[in-house]
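Please look over the chain shown below before reading the notes that follow. They are grouped by topic and are meant to be read beside the sequence and the structure.

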Amino acid sequence: MVSYFIPRGRFLMKAGNWRQVHQKHQQQAQQQSVRWPLIKSFRQSFSQKVAPNDTKVEALIKTPNQFGKQQTRTPPSVNSKRQQDLQKQRLNIWLRWTGLLLKWAPVGICVFGAIEWQLHKQSVVRDQLPHTASEFQSKVYCSLPLRLLSRAWGWLAACYIPENLRPFIYGMYSNAFGVNIEEALYPDFRHYNSLSEFFTRPLKDGVRPIDGAAPLVSPADGKVLHFGAASKSLIEQVKGVNYSLIDFLGPASWVEGKTIKEEDYAESIKHKKDGTTNLYQCVIYLAPGDYHRFHSPTEWQAELRRHFTGELLSVSPKIATWLPGLFCLNERALYLGQWKYGFFSYTAVGATNVGSMQFVMDEQLKTNRWVGWKTRRGYEELALDEKKILKKGDLVGLFNMGSTIVLLFEAPSNFQFNIEAGQKIKVGEPLGHII
């Protein structure tokens, strides 16, 4: 009765079938045992290894040698197969090691970075210093391919955008960064063929009135990062973070007659030596949503241009507070000259994702050029043959993304700023007055 309910084929097997199954299991175990010890096979001499399942190896050709003995020769096909097997084994070992490195090396780097960050943070807190970047952190940040990224962004921003997509793309950008398109000379989004044209859009006449009574007005729309006196060799980048004046401007080659020391640099570049004037600075940061053109803050004369080819690090307020000497590291175009109170300099500082800087009075200058994988720290100097006299409010140039303007000027000792750090300011608004 049981045989009618249980299939016989599943349980009543012949002895030969059991023997075949057992032989298959033994062959699979032998193959696995051959593949398993990779380290052992790596240590063995490759010339002594023979494929265990190759039947052609067993058919050796025996030929008599010159001593009357027999010498075995391996067919060429077997040798080629051996070499292919060896290459495969070497490739497998290499892939396993590289996979191990690619998998665990980033984890080790992140752990090391976190430990270094915490140790530096503890040392800063212990010494009661501002939490700025260490030398190691600064080198790691400068080693990032930000210049290549900025060049790619500049190319992308200059690409043509179909007319149907412009309201959607520019509208999202305006909502994200607070762009007031109503102030633009062309408020229709369809007028701008590329993002670069939209960034550098002109404004309507009268939207930015220029204060005629103030001796110095804002050169750009943006946020005031820092301002104050610059009477020492180290001046403040932001509150508590300094940078070197001589590293920022370069050697004072325009001052004739003596070699200038670093501690005397600020006093040496002033035109008046009687103590009636001081050196002042003002730093204005342009955010991505701001008006990207910059203007002349007063009537002055440009005599010398210096182009520093440096990094393209971010100049956002957070990075400026964290990284000392940021303005000395970044690429910048610096114009030196004079105004009615003495020395005057106007500097446009490059930054990450700033495709280029263009200057109306100096069209030959090309920024963000490819200088190789290693960034050069030097500068190119050009004496302006025709003295460029700029009036208050004149257009100086434009950024193809947000960046920073640094004003460094000589003014009477009774000059006083009427702005605050972190304040939003627009072109033409007064920076200070003389009491």
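**Aromatic core, sheet and annotated positions**

W339 and F409 are both buried. They belong to a predicted model, in which the chain has 13 helices and 18 strands.

**The chain as a whole**

- Of the 435 residues of the chain, 41% count as buried, and the accessible surface comes to about 26300 Å², with 56% of that area belonging to carbon and sulfur atoms.
- Among the contacts in the chain with a separation of 6 or more, 73% are accounted for by residues 24 or more positions apart.

**Aromatic rings and charges over rings**

- A search of the whole structure finds 30 aromatic pairs, and one of them joins W339 and F344, whose ring centres are 5.7 Å apart and whose planes stand at 55 degrees, so that the pair is tilted.
- Both partners of this pair, W339 and F344, are buried.
- With F409, W339 makes a pair that is edge-to-face, because the planes stand at 85 degrees, over the 60 degrees required, while the ring centres are 6.0 Å apart.
- This second pair links distant parts of the chain, since W339 lies in strand β10 (residues 332-339) and F409 in strand β15 (residues 404-412), 70 residues apart.
- Charged ends are also found over aromatic rings: that of R332 sits over the ring of F308, 4.0 Å from the ring centre, and that of R201 sits over the ring of F198, 4.9 Å from the ring centre.

**Positions annotated in UniProt**

- An unreviewed UniProt entry places the feature "active site" at D221, H295 and S403; although these positions are spread over 183 residues of sequence, they cluster in space, with a largest C-alpha distance of 13.9 Å.
- D221 is found in the loop between β3 and β4 (222-229), and D221 counts as buried because its relative accessibility is 5%, where the cut-off is under 20%.
- Leaving aside neighbours within four places in sequence, D221 is in contact with R208, Y285, L286, D290, Y291, I425, K426 and V427.
- For S403, the unreviewed UniProt entry also gives the feature "modified residue: Pyruvic acid (Ser)".
- S403 has its place in the loop between β14 (395-399) and β15, and its relative accessibility of 0% is why S403 counts as buried.
- The contacts of S403, again leaving aside neighbours within four places in sequence, are with I284, Y285, L286, V315, V349, G350, A351 and V354.

**Pairing of strand β4**

- β4 pairs in the antiparallel sense with strand β7 (residues 277-285) over 6 bridges, and within this pairing G228 stands opposite Q281.
- β4 also pairs in the antiparallel sense with strand β17 (residues 424-425), here over 2 bridges, and the bridge partner of G222 in β17 is I425.

**An open sheet of 3 strands**

- An open sheet is formed by 3 strands in the order β3-β18-β16, with antiparallel pairing; its edge strands are β3 (216-217) and β16 (415-417), each of which pairs on one side only.
- β16 and strand β18 (residues 430-434) pair over 3 bridges in the antiparallel sense, and F417 stands opposite G432 in β18.
- G432, which lies in strand β18, is buried, with a relative accessible area of 1%.
- Although G432 and L216 are 216 residues apart along the chain, their C-alpha atoms are separated by 6.4 Å.
- Beyond neighbours within four places in sequence, G432 is in contact with A214, P215, L216, F415, Q416, F417 and N418.

Terms used: Residues are numbered from 1 along each chain as its sequence is written. This is a predicted model: local features need pLDDT of at least 70, side-chain atom pairs count only at pLDDT 80 or more; totals for chains, interfaces and linings use all residues. Side-chain values use heavy atoms; hydrogens and water are left out. Two strands pair if DSSP finds at least two bridges between them. Helices (H or I, at least four residues) and strands (E, at least two) are DSSP runs, numbered from the N terminus. Rings of Phe, Tyr and Trp (its six-membered ring) pair if their centres lie within 6.5 Å; planes under 30 degrees apart count as stacked, over 60 as edge-to-face and the rest as tilted. Buried means under 20% relative accessible area, exposed over 50%, partly exposed in between (1.4 Å probe, protein chains only). A charge sits over a ring if NZ of Lys or CZ of Arg is within 6 Å of the ring centre and within 35 degrees of the ring normal. Contact means heavy atoms within 4.5 Å. Accessible areas come from the Shrake-Rupley method with a 1.4 Å probe; for residues, only the protein chains shown count as cover. UniProt positions are given in the numbering used here, feature names are shortened, and annotations may be inferred rather than shown by experiment.
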